[in-house]
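Thanks for coming. I have a few minutes on one model, and I will keep to contacts and packing.

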Number of protein chains: 2
Amino acid sequence: LKYDVIATADCVDEENAAGKTVVVLDILRATSTIVTALGFGCREIIPVETIAEAMDAKRKQPDVLLGGERDSLIISGFNLGNSPLEYTQETVAGKTVVITTTNGTRAIRRAIQSKGDVLIGSLLNAGTVAEAALAKGKETVIVCAGTRGEFSLEDIVAAGIIIKEMEEKSGERTLPGSDLAVAARRLGEVYAAKPLQAFYDSSHGQKLAAMGMVKDLEWCARLNSFKLVPFCINGRIKI
Amino acid sequence: LKYDVIATADCVDEENAAGKTVVVLDILRATSTIVTALGFGCREIIPVETIAEAMDAKRKQPDVLLGGERDSLIISGFNLGNSPLEYTQETVAGKTVVITTTNGTRAIRRAIQSKGDVLIGSLLNAGTVAEAALAKGKETVIVCAGTRGEFSLEDIVAAGIIIKEMEEKSGERTLPGSDLAVAARRLGEVYAAKPLQAFYDSSHGQKLAAMGMVKDLEWCARLNSFKLVPFCINGRIKI
């Protein structure tokens, strides 16, 4: 059972990702939102890094929805923000959503560019993504998006919970080599029964709560409420 | 109770250290060795970054002892390695030791250059260094030396144990702002009753154990066995 954890989007490169199963996490909120949207029938999600790229995609294909955030708020001219609660069945079923966020979509794009076999993880689908990563039979690298180049507690904790699920499902309990992976694993144990607490202990979670997004935090903390594994193919995210 | 944790020596700079109380940790083994040496009567320790600097110091003052490591082993021509067990009363009492190690002495030097008020911490003196940091009444920054620019589990765990001691001694339990500090605090709780396990879970601890240095690990895990706080003044470490 070989796996590693990467602390921020900036640290993903071909050396640590190429040919491996790469699970990308941006728990608050991009990957939780992506899992939710696909769970509610969204056809596919196209992650882009800039607002200009998103606008360009809309010009080419006017029926797409634009989603995402800057400074945690909806982008001017976009259809949707970055709250999973906006991605209801009514809004997204059958649609293509082009999404750009500060850290999450950048982490996904870097993982794709680094030639990883990219899956999208969150607490919402932790168990299913753990199972899928095991089934691929390759080394698994869990990429935490982080926040503007900094270590994010909620991402590391979720990485640990996914590792814990992988250990439980595989029956292997060996600790991995990297110290960050061990730390994640231990923090996953600390918070597995109370993932919402990890959000309240984290600086980004505290910021979102202060902005009135407590319901987003509660949604993102719903461990194992979706049984689906988004994967990336030709720059698109599907299930 | 304001504090932060810095993951590696490379991340120390004037912005995060100047004017603050900076506790430097290189648990395996430099700062554990420094605490041990001063506990056994060593007069003072001069941390230097290169072997050439150490040799130069000895030419100027022939009665100093040279100590330290490269690749965890004693340096050719030096009197002592980096094992705390070598720094016995018989060997070091009344002496000046010039020491150079891969990560620890670099972290100490960077903390001094960054104009921090530098204390030397370890598990051996965790409680006393926590008390001293509180008494200074300034913001405390705990600098983990790390291993060649990477996050080290044993240093982060020790940072968490020192934060835990600070919280207990001050009666304040507020979690701090930085996510790394929260993670350290939680990991400190996980390992406080079994610090040796943190070494066996860490890559550097595993490496030292494989090299036959289990007794060093056992020594470095002796929580609160010295009541002393080394501090830096004019480039020297004293108690």
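First, the conventions. This is a predicted model, in which local features need pLDDT of at least 70 and side-chain atom pairs count only at pLDDT 80 or more, while totals for chains, interfaces and linings use all residues. Residues are numbered from 1 along each chain as its sequence is written, chains are lettered from A and ligands numbered from 1 in the order in which they are written, and side-chain values use heavy atoms, with hydrogens and water left out.

Salt bridges, then. By that I mean a side-chain nitrogen of Lys or Arg within 4 Å of a carboxyl oxygen of Asp or Glu. Over all chains, the search of the whole structure gives 42 of them.

One pairs A:D71 with A:R148, with 3.1 Å between the closest N and O atoms. A:D71 sits in the loop between strand 4 (65–68) and helix 4 (89–92) of chain A, and A:R148 in the loop between strand 7 (140–144) and helix 7 (153–170) of chain A, so this pair ties together parts 77 residues apart in sequence. Helices (H or I, at least four residues) and strands (E, at least two) are DSSP runs, numbered from the N terminus. A:D71 is partly exposed at 48% relative accessibility, and A:R148 is exposed at 56%. The cut-offs are buried under 20% relative accessible area, exposed over 50%, and partly exposed in between, with a 1.4 Å probe and protein chains only.

Next, A:K136 and A:D117 form a salt bridge at 3.0 Å, N to O. A:K136 belongs to helix 6 (residues 126–136) of chain A and A:D117 to strand 6 (residues 117–121) of chain A, so parts 19 residues apart in sequence are tied together. Both are partly exposed: A:K136 at 34% and A:D117 at 23%.

In chain B, B:K20 meets B:E139, with the closest N and O atoms 3.9 Å apart. The pair ties together parts that are 119 residues apart in sequence, because B:K20 lies in the loop between helix 1 (14–17) and strand 2 (21–25) of chain B and B:E139 in the loop between helix 6 (126–136) and strand 7 (140–144) of chain B. B:K20 is buried at 18%, whereas B:E139 is partly exposed at 23%. There is also a network: salt bridges that share partners join A:E167, A:R185, A:R186, A:E189 and B:D201.

Now the helix pair. At what angle do helix 6 and helix 7 of chain A pack? The angle is about 60°, with the axes 8 Å apart. Axes here are lines fitted to C-alpha atoms, for helices over the stretch in contact, and angles run from 0 to 180 degrees between N-to-C directions. Residues in this contact (heavy atoms within 4.5 Å) include A:V129 and A:L134 of helix 6 and A:I161 and A:M166 of helix 7 of chain A.

Finally, two residues. B:I99 is in strand 5 (residues 96–100) of chain B and is buried at 1%. Its C-alpha atom is 7.1 Å from that of B:A54, 45 residues apart along the chain. A:L38 is in helix 2 (residues 30–39) of chain A and is buried at 3%. Leaving aside neighbours within four places in sequence, its contacts include A:I45, A:L228 and A:I239.
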